[in-house]
Amino acid sequence: LDELLTLRTQQLVEQEKNLLGKLQRMFPGDQDILEEVREHKERYALDVLTRRSPLRNSEYKEPQSSPEIRKQFSKLKDSLLTSAKNDPNIAFDFAIAALMFDAPETSLVILESMSLPIERKWLLLEVKLKCRRFLEVLSDLNQIEIALAHEPETFFATAYLRAQAYWGLKQKHVAIEILETILEARPNYRSAHALLDLWRSQ
């Protein structure tokens with residue numbers, strides 16, 4: 001899981017995919033691994049679209065590298081917003097695309113224009129974290145906890161996101177305590193261990 005977090009941080013998509021496949025073979029049916037696979041698919045579902053784009057991937061990662069790229073990047077975001085509005089049935093896919101293109105604010109606009117089923121609101125929370133909407137994340141988590149109180153995984157999933165929101169709000173001790181609580185019950189929960197080591201070193 002430490003290696004998985006490293007690959008994800010470095011945006012090594014194929015290597016992350018290969019490692020997830022290896023983990024699935026080693027631990028078939030493990031719910032934490034299945035959750036990591038689900039998140040990976042959502043995050044990189046439109047990777048093919050990225051490769052077919054008129055801009056190169058490296059340019060999307062650094063959209064401020066030149067005036068021309070900034071102009072094209074702005075047009076791309078406008079196009080995603082327009083497409084999502086004109087075709088609501090696949091608006092969620094456009095939100096994922098915006099996130100992949102390092103445009104989380106655009107992704108957030110699309111997602112907030114939709115009536116999301118509860119299972120898709122997890123992505124909305126992830127996007128809000130990227131947009132540094134930490135107080136909104138904490139508020140939304142309370143609603144999700146009530147709606148999904150019957151599911152045993154809800155506690156861990158909401159606690160994991162809550163820790164990141166508190167860290168973003170500079171309440172570092174609270175964030176670390178939450179991760180420690182998660183790891184006491186689930187020593188291998190998602191990337192919590194690697195994240196905790198990173199936070200303790202800062």
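Which residues of the largest nonpolar core touch the most other members? In this predicted model, local features need pLDDT of at least 70 and side-chain atom pairs count only at pLDDT 80 or more, while totals for chains, interfaces and linings use all residues. Residues are numbered from 1 along each chain as its sequence is written, and side-chain values use heavy atoms, with hydrogens and water left out.

**View 1. The largest nonpolar core.** Trp122, Leu125, Tyr160, Leu179, Ile182 and Trp199 touch the most other members among its 28 residues; such a core is a set of buried Ala, Val, Leu, Ile, Met, Phe, Trp, Tyr and Cys residues joined through side-chain atoms within 4.5 Å, where buried means under 20% relative accessible area, exposed over 50% and partly exposed in between (1.4 Å probe, protein chains only). The largest share of this core, eight residues, comes from H11, helices being DSSP runs of H or I with at least four residues, and strands runs of E with at least two, numbered from the N terminus.

**View 2. The Trp167 and Trp199 pair.** These two rings are stacked, at 4.5 Å centre to centre and 0 degrees between the planes (centres within 6.5 Å, using the six-membered ring of Trp; planes under 30 degrees apart are stacked, over 60 edge-to-face and the rest tilted). Trp167 in helix H11 and Trp199 in helix H13 are 32 residues apart, and both are buried.

View 3. Thr106, in helix H8 (residues 104-112), is buried with a relative accessible area of 8%. Leaving aside neighbours within four places in sequence, Thr106 is in contact (heavy atoms within 4.5 Å) with Lys77, Leu81 and Ala98.
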